[in-house]
Amino acid sequence: MKMIVKELLIYPVKSMGGISMMTAKALKAGFEHDRRWMLIDSENKFITQRQVPELALFKTDIGDGHLTLTFKGESFNIELDKSSSEVIYTQVWDDEAATITVSPKADEWLSDALRMKTRLVKLRDEQSRSHHNKNHDLLLPVSLADGYPYLVAGTSSLEHLNNKLDESIDMNRFRPNIVVVTEVPHGEDTWQSCKSGTAEFLNMKPCGRCTMITIDQETANINNTPLKTLNQYRKVGNSVLFGTNMMCTKEGVVTVGDAFIPV
């Protein structure tokens, strides 16, 4: 069976809703516009659905030079190149990230929507955060994603899980960037170098999952069953695995329907 790209997704603001794309520009730090923004609290610590499940309910859109956030029927527009000169050094897990503030009005709108003090920051540039991978002993540029620029998942991996659940779940629980049509569950774990469109990728390691996959991305309701079920057959060491983390070794363009070829 020829493996093809079924879906491409970006998540402009870390932990908010994603955007399904027909074509995406693969850059070293992640797809263009993918997780280049995130929320921080009053102590400059990043905020995700782990602390605030309602972030799942924020929809995002990019068009006409703007990033649009929508929450409970209210929308807020931000110019894609909008930023200030204020630099905030924060952490994404163990990695330092240099970010810049966006605008006081965005902070106010988001703080009111979430009923908590928060600020919106943007990655200062494509080299403002690096992550070290022990398996390959290399330092790679990465956006504000948890650890790696790309998450790739196979359709059969989700089908295998759903066959074990009373109620099936959507792939959006796992927040992939590239969904590939596959026949072998979790075969993506074993892929090494891959090509798709004009871009090339290198597999870093299978992705360890957290409580975010227990959050329904349409309602923000929490159900632990998917994680408990994965734990029964996908636990390796202290990690429960689903999908695999990749980096981009050759920048290019990927389109839905392109072949996804392990080489």
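**Aromatic pairs and the fold around them**

Author: A search of the whole structure finds nine aromatic pairs. Rings of Phe, Tyr and Trp (its six-membered ring) pair if their centres lie within 6.5 Å; planes under 30 degrees apart count as stacked, over 60 as edge-to-face and the rest as tilted. One of these pairs is F58 with F71, which is stacked, at 4.1 Å centre to centre and 10° between the planes.

Reader: What kind of model is this, and how are residues numbered?

Author: This is a predicted model, in which local features need pLDDT of at least 70 and side-chain atom pairs count only at pLDDT 80 or more, while totals for chains, interfaces and linings use all residues. Residues are numbered from 1 along each chain as its sequence is written, and side-chain values use heavy atoms, with hydrogens and water left out.

Reader: Which parts does the pair of F58 and F71 tie together?

Author: F58 lies in the loop between β6 (46–47) and β7 (59–63), and F71 lies in strand β8 (residues 66–71), so the pair ties together parts that are 13 residues apart in sequence. Helices (H or I, at least four residues) and strands (E, at least two) are DSSP runs, numbered from the N terminus.

Reader: Is F58 buried or exposed?

Author: F58 counts as buried, at 0% relative accessibility. Buried means under 20% relative accessible area, exposed over 50%, and partly exposed in between (1.4 Å probe, protein chains only). Both F58 and F71 are buried.

Reader: What is F58 in contact with, leaving aside its neighbours within four places in sequence?

Author: With those neighbours left aside, F58 is in contact with M16, G17, T70, F71, W109, L110, A113 and L114. Contact means heavy atoms within 4.5 Å.

Reader: Why is the pair of Y150 and F201 edge-to-face?

Author: The ring centres of Y150 and F201 are 5.1 Å apart and their planes are at 75°, so the pair is edge-to-face. Y150 lies in strand β15 (residues 150–154) and F201 in strand β18 (residues 199–208), so the pair ties together parts that are 51 residues apart in sequence. Y150 is buried, with a relative accessible area of 1%, and F201 is buried with a relative accessible area of 1%.

Reader: Which residues do ring pairs link into a cluster?

Author: The cluster consists of F31, Y150, W191, F201 and F260.

Reader: A change of topic: which residues are buried in helix α3?

Author: In α3 (residues 225–233), P226, L227, T229 and L230 are buried. Seen down the axis, the buried residues of α3 fall within an arc of 160° (the arc of the directions from the helix axis to the C-beta atoms), so they line one face of the helix. They pack against α2 (155–162), β19 (235–236) and β20 (239–250). The face turned away from the buried side of α3 carries the exposed residues K228 and Q232.

Reader: Finally, how many helices and strands are in the protein?

Author: The protein has three helices and 22 strands. Buried residues make up 53% of its 263 residues. Its C-alpha atoms fill a box of roughly 50 × 40 × 35 Å, taken along the principal axes. Among contacts between residues at least 6 apart in sequence, 68% join residues at least 24 apart.
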